[in-house]
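Me: I am new to this structure and would like to learn how to read it. Please take me through it one feature at a time.

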Amino acid sequence: MERVSQPGFLAERYPVEPLLRRLREARVDPAGAALGALGLLVVALLGLELATGALLALYYRPEREGARASVQFVVTRVEYGELVRSLHGYGAHALLLALLALLGGVLAAARHRKPHEVAWSALVLVWFAAVAQAFTGSLLPWSARSALDAAVASGAVERVPVAGSALRALVFGPAGGTELVRLYGLHVGALPALGTLCLLALCLHVGGRLVGEGTAEAERVWPTLALRGAALGCFAFAVLLALASRRPLPLGAAPSLGAAASQAVAPSWFLAPLDLLLRRAPARVLGLPGATVVVVLCLLGVLGALALPAIDRRGGRLGQVLGLAVLALSLGVMGLAILR
Amino acid sequence: MSDDPKAPGSLGRRRLLDGALAVGACGAAGAVAVPAVRFATPPSEGGAGTSVTVRREEVLSEGAKLVFVGAEPVLVVALSGGELRALGARCTHLGCTVGLDRASGELRCGCHGGRFGLDGRVLSGPPPAPLAQYAVTARDGLLVVEGRRPWRG
């Protein structure tokens, strides 16, 4: 009797063989391979944040009175609670560093220009979403430091011309201590949704370009690049695991009623450039409050970063040099903040 | 024939249809976005014009006492002559709560280094305006801080 080979259960329902074949044939140039490995590291770190975040969400209570107690409960009573929380915290820092490296790499390789403009803007949006994600995450345990950071952020948002008050109400909610509900909503809903959409745009862009034989020095996507990304991810996970188990993240002091900031407050390293500008800006610039000018300049900076490919359109290198200079300067300030 | 997509009249019609489609899509997006933003904007809080009481001795012994008038933090401070003032404790730079630095006898904001005198004036740092002042009246041996109409300067 003749035996007919049947496709497997999964292969019949998910015919991915043509896609895999294409992946096996795909090649990228060396610069693309390095950026690809970093991209895979970002995806791995996102996976870690998602998994640990989902676990922490099982216990977290987004209210001023209960937030710190719920985090304390996780840290002191829940098995592996301290490890999971520390992995989530350190993972966020690692994700920001990986994204900074990716942004720098893309700029240095001039991969922000046509036809990569939309992918560049998506990557910039992912960066800002990750910063907002890390910041909202740092406020959730509602320590004394979180309360002050929330006050500063609320004040800074209010400085946005025209829409400041409305925006503040949208992000921080009504006065009276309900800000954690909104911040938690942003942290687990709106910001991950924005990041996912942008990452999808990035993946479609990269995936659509993995075709062709490439040049002689082109590298295989599968298995060379995939293995490199996996190795990078494993290394990062090992470092994070060592950090989380040897130096668990502290909970921070409990906020007192209306916590007064008579002591100096240091910002998170990723906000150090903004903090420096807010601290050093004069009280008034051209008749406007200095903080308003700083906020407007920052908004213009965000727009400039998104529109960088348009600045470089005619073969010039102004945008690339400007972007790299701003990135290097920010890294310097962030590095100083970490060392301090 | 008018069915021919390359016919001169057909292009204009197609543009018109494209435009109508774009306007319709924008309208539909707006119809979703406007109620969503209005939903997310919290209704305005009442409570303006509330007042709070504080014991004079508490202020004099500690030098300053933080109270809340509604959601607003207010610092009642004792000046050197025994005069009491109620100052909005929200820093005019970015809204951190200021506190009394007993060593220097000044109000300080640790967020960005703003310094205020006990009368609310800016001494140094990035705050662009003095602290808000609230009316304080004595009633039945207690100080009443009125939340209505604070002023600056």
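Reply: Start with one residue: Glu179(A) has a relative accessibility of 11% and counts as buried, where buried means under 20% relative accessible area, exposed over 50% and partly exposed in between, with a 1.4 Å probe and protein chains only. This is a predicted model, in which local features need pLDDT of at least 70 and side-chain atom pairs count only at pLDDT 80 or more, while totals for chains, interfaces and linings use all residues. Residues are numbered from 1 along each chain as its sequence is written, chains are lettered from A and ligands numbered from 1 in the order in which they are written, and side-chain values use heavy atoms, with hydrogens and water left out.

Me: With which residue does Glu179(A) form a salt bridge?

Reply: A salt bridge is a side-chain nitrogen of Lys or Arg within 4 Å of a carboxyl oxygen of Asp or Glu. Here the partner of Glu179(A) is Arg64(A), with 2.7 Å between the closest N and O atoms. Glu179(A) lies in helix 9 of chain A and Arg64(A) in helix 4 of chain A, so the pair ties together parts 115 residues apart in sequence. Arg64(A) is partly exposed, at 37% relative accessibility.

Me: How many residues does helix 9 of chain A have, and how far does it reach?

Reply: Helices are DSSP runs (H or I, at least four residues) and strands likewise (E, at least two), numbered from the N terminus. Helix 9 of chain A covers residues 179-208, 30 residues in total, and its first and last C-alpha are 42 Å apart, close to the expected 44 Å. The expected span is 1.5 Å times one less than the number of residues.

Me: Where is the kink in helix 9 of chain A centred?

Reply: The bend at a residue is the angle between axes fitted to the seven residues ending there and the seven starting there. In helix 9 of chain A the kink is about 45 degrees and is centred on Leu186(A).

Me: Which residues of helix 9 of chain A are buried?

Reply: An α-helix has 3.6 residues a turn, so residues three or four places apart point the same way. The buried residues of helix 9 of chain A include Leu180(A), Leu183(A), Tyr184(A), His187(A) and Leu191(A).

Me: Which pair in chain B forms a salt bridge?

Reply: Glu72(B) and Arg90(B) form one, their closest N and O atoms being 3.1 Å apart. Glu72(B) is in strand 3 of chain B, and Arg90(B) is in the loop between strand 4 and strand 5 of chain B.
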